[in-house]
Amino acid sequence: MANHADWIGTSWYFLFMTIRLKSRLGGAAMGFGLMSCTGASHALSENRDYGLMEGVVWVKGPWDAIQPSSDIDRVIDQLCPAVMELPRAQGREYGQEYCGVLYSVGDGTYSASMPSPLGPLLKATPERQKSCKQPNIVRDSRGAVNIHADYHSHPWADSRMSRPDRAEARQRYSIRLQFDTKCRVMKLVPHIGESRPGEVYERRGKSWALIGIVKPEHKAVGLMTSVDE
């Protein structure tokens, strides 16, 4: 009887400790959940902030993380820090690219759209190349939208605008922007439909430095010729 009582007492003790442990873990999980919800108050949501409409990407605007400005460069300077706060934006081979646009609605200021992660499905294995689909439509209740530039991120450091990014087939707007995890910002002015070269700039402080040109005969493939700075 003594051994049986000891066994019953031990069993109740382990049952009590198990329930207590689960309770504590549940509380911790709830705490993490609350933290996630709090931190994700501005988290992107498909069908609310971006989506697909007949195969075309749309994005909502303006993005409240970016302050509109009459100077487009002031808007550009806010992009990278904001995008790098998004999930997997700095994930390297396991990372995520984000695409968006800069636009105006006739009020004299430039705004940034919400970024969209839509593109090829992310894999569980490391990938050397990332991509996202450029948005073509901005949903902004303030009025008719005029898109001036597109932007996209690279989830690596020291990652410049690639040759495919400069290719003619990918140019839709007057300006194309790209930045990496170090917030090195590059700008392509493609001069779409013109015989003059495209121009590639790098943001340095509060100015742009011309680092290369895309000759008219090289626009189709995006080949850049470096220039002396």
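Two strands pair if DSSP finds at least two bridges between them. Strands are DSSP runs of E with at least two residues, helices are runs of H or I with at least four, and both are numbered from the N terminus. The model is predicted: local features need pLDDT of at least 70, side-chain atom pairs count only at pLDDT 80 or more, and totals for chains, interfaces and linings use all residues. Residues are numbered from 1 along each chain as its sequence is written, and side-chain values use heavy atoms, with hydrogens and water left out.

**Exercise 1.** Work out the order of the sheet that contains E1, E2 and E5, and find what lies on Trp-58.

Solution. 
- Step 1. The sheet is open, has three strands in the order E1-E2-E5, and its pairing is mixed.
- Step 2. Strands E1 (50-53) and E5 (137-139) each have a single partner strand and stand at the edges, so one side of each is left without a neighbour in the sheet.
- Step 3. On average, neighbouring strands here are turned by 30° against each other, direction ignored. The axes behind such angles are lines fitted to C-alpha atoms, for helices over the stretch in contact, and angles run from 0 to 180 degrees between N-to-C directions.
- Step 4. E2 (residues 56-60) and E5 run parallel and are joined by three bridges. Trp-58 has Ile-137 in E5 as its bridge partner.
- Step 5. Arg-139 lies over the face of Trp-58, 3.8 Å from the ring centre. A charge sits over a ring if NZ of Lys or CZ of Arg is within 6 Å of the ring centre and within 35 degrees of the ring normal.

**Exercise 2.** Describe the setting of Asp-49.

Solution. 
- Step 1. Asp-49 is placed in the loop between helix H1 (2-39) and E1.
- Step 2. With a relative accessible area of 3%, Asp-49 is buried. Buried means under 20% relative accessible area, exposed over 50%, and partly exposed in between (1.4 Å probe, protein chains only).
- Step 3. Its side chain makes a polar contact with the side chain of Arg-48 at 2.9 Å. Such a contact is a pair of N or O atoms within 3.5 Å; within protein, one must be able to donate a hydrogen and the other to accept it, and residues adjacent in sequence count only if both atoms are side-chain atoms.

**Exercise 3.** Continue from E9 to E11.

Solution. 
- Step 1. E9 (residues 198-204) and E10 (residues 207-214) run antiparallel and are joined by seven bridges; the bridge partner of Arg-204 is Ser-207 in E10.
- Step 2. E10 and E11 (residues 225-226) are antiparallel with two bridges.
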